Amino acid sequence: MTVALMWEARAVAGRGTELLEWARARAAELAREPLRYELLRAPQDRVLVITWWEAGYGADLPELPEPAPELITRAAHRWRFEVAGGSAGPA
């Protein structure tokens, strides 16, 4: 089974690039290497990290930590998903 962990945080205004680089460094330092990971950014200085793991849904998996409070506007949100199907490429 493949599990995707999603981590999303919103940086203090103007610090989105700093949060993105912080998340990139933390993803590279995970205790285990995921199958893959992606870093995404969105308006309002939001950063999303998705990691994919070959593991059961309830497996103990390494996750990104909470950033320093002065870097974010609220606690990071975390979600866990079980992959339910394949993905289609560009049309």
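Let's start with Ala 42, which sits in strand β2, covering residues 36-42. A word on that term: helices (H or I, at least four residues) and strands (E, at least two) are DSSP runs, numbered from the N terminus. Ala 42 counts as partly exposed because its relative accessibility is 33%. The scale here is that buried means under 20% relative accessible area, exposed means over 50%, and partly exposed is in between, with a 1.4 Å probe and protein chains only. The C-alpha atoms of Ala 42 and Gly 16 are separated by 9.0 Å, and the two residues are 26 apart along the chain.

Before going on, please keep in mind that this is a predicted model, in which local features need pLDDT of at least 70, side-chain atom pairs count only at pLDDT 80 or more, and totals for chains, interfaces and linings use all residues. Residues are numbered from 1 along each chain as its sequence is written, and side-chain values use heavy atoms, with hydrogens and water left out.

Now the overall picture. What pattern does the protein chain follow along the sequence? It reads β-α-β-β-β, and the secondary structure comes to 1 helix and 4 strands. Along the principal axes, the C-alpha atoms fill a box of roughly 40 × 35 × 20 Å. The chain has 91 residues, and buried ones make up 32% of them. Now take the contacts with a separation of 6 or more: 69% of these are between residues 24 or more positions apart. Contact here means heavy atoms within 4.5 Å.

Let's walk on from Ala 42 to the loop between β2 and β3, where we find Gln 44. Its phi is near 65°, a positive value in a residue other than glycine. Asp 45 is in the loop between β2 and β3 as well, and Asp 45 has a positive phi of about 55° although it is not a glycine. Is Asp 45 buried, partly exposed or exposed? Asp 45 counts as partly exposed, because its relative accessibility is 24%.

Leaving aside neighbours within four places in sequence, Ala 9 is in contact with Leu 19, Asp 45, Arg 46, Val 47, Ile 72, Arg 74 and Ala 76. Ala 9 has a relative accessible area of 0%, so it is buried. Ala 9 and Leu 71 are 62 residues apart in sequence, and their C-alpha atoms are 9.6 Å apart in space.

For contrast, look at Ala 84, in the segment after β4 (77-82). Ala 84 is exposed, because its relative accessible area is 83%.

Next stop: the loop between α1 (16-28) and β2, where Arg 32 lies. With a relative accessible area of 41%, Arg 32 is partly exposed. Beyond its neighbours within four places in sequence, Arg 32 is in contact with Trp 53, Asp 60, Leu 61 and Pro 62. Arg 32 and His 77 are 45 residues apart along the chain, and their C-alpha atoms are separated by 21 Å.

Another arginine to find on your screen is Arg 36, which lies over the face of Trp 52, at 3.7 Å from the ring centre. A charge sits over a ring if NZ of Lys or CZ of Arg is within 6 Å of the ring centre and within 35 degrees of the ring normal.

Finally, let's look inside. How many cavities of 30 Å³ or more does the structure hold? There is 1, and about 70 Å³ of space lies in the largest cavity. On a 1 Å grid over the protein atoms alone, a cavity is a set of points where a 1.4 Å probe fits but cannot get out, and lining residues have an atom within 4 Å of a point. Grid points are joined across faces, edges and corners, and a volume is the space filled by probe spheres set on the points. The lining of the largest cavity includes Leu 5, Met 6, Trp 7, Val 49, Thr 51 and Arg 78. The largest share of that lining, 3 residues, comes from β1.

Terms used:
1 Å grid on protein atoms, 1.4 Å probe; cavity = no way out; pocket = protein on both sides within 12 Å on 5 of 7 lines; lining within 4 Å.
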